[in-house]
Amino acid sequence: MPSEELFRAEDGPDDNDLPVSRPAWPVTALSAVAQGGLLWVLVAGVLAWRPGGRRRAAGRGLVAGAAGMASGHLVKALVRRPRPPARNLPAHRALLEKPKSTAFPSTHATTAAAFTVAVALTEPPAGAAIAPLAAAVCYSRLRTRAHWPTDVYGGVALGAVVGGLVHRRLRRGSTPGR
């Protein structure tokens, strides 16, 4: 486990191969905008700008993102894994919001994956366009030392399952005759 001793910005990775230096401002800004699913509401608004498949994908993405966030918080309450000891590291001090919840799974990653999977299954080109944004959100949680890598991987896996289930349920519910 990494220690909480003070690091200089020029120091390299810690014992877990995670960087300790302060991340670039876009990384911390992205992490902050994704807090509470705000980023995905904004993305859904852009997708829903015009009627058609992207609007339907936006709706499914929002439902999946909300379900992903709720399921992530439920799993956090059951697992109660502590966050990485990073309070004194420049990477963690750069965070605008200081997480107080437990670590596993990353609800940022869970929400991002659920939203993206539901959008991608509904409107594949839109899903491909937002997938890099979801990956960047996941990276931001690692880079700012808010989560262990397994927290993010677990969040992505949980979110992917939730996104797929929401898409399947809403697709089935919108098919005439079923």
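Confidence is lowest in helix α4 (residues 90-93), at a mean of 61, and highest in α5, at 95. Over residues 1-10 the pLDDT is below 50, and beyond near neighbours in sequence this stretch has 21 contacts in the model (contact means heavy atoms within 4.5 Å).

Residues are numbered from 1 along each chain as its sequence is written. In this predicted model local features need pLDDT of at least 70, side-chain atom pairs count only at pLDDT 80 or more, and totals for chains, interfaces and linings use all residues, while side-chain values use heavy atoms, without hydrogens and water.

Two helix pairs are listed below. Helices are DSSP runs (H or I, at least four residues), numbered from the N terminus; axes are lines fitted to C-alpha atoms over the stretch in contact, with angles from 0 to 180 degrees between N-to-C directions.

| Helix pair | Axes come within | Crossing angle |
|---|---|---|
| α3 (residues 53-79) and α5 (residues 107-122) | 7 Å | roughly 150° |
| α2 (residues 38-47) and α6 (residues 124-143) | 12 Å | roughly 165° |

Helices α3 and α5 are therefore roughly antiparallel (angles over 145 degrees). By class, their contact has nine nonpolar, 11 polar and three charged residues (Ala, Val, Leu, Ile, Met, Phe, Trp, Tyr, Cys and Pro count as nonpolar, Asp, Glu, Lys and Arg as charged, the others, Gly among them, as polar).

Helices α2 and α6 are likewise roughly antiparallel. L39, W40, V43 and L47 of α2 meet A126, I130, L133, A134 and V137 of α6. By class, this contact has nine nonpolar, no polar and no charged residues.

Note on methods:
Parallel < 35°, antiparallel > 145°, perpendicular 65-115°, else oblique. pLDDT = per-residue confidence, 0-100.
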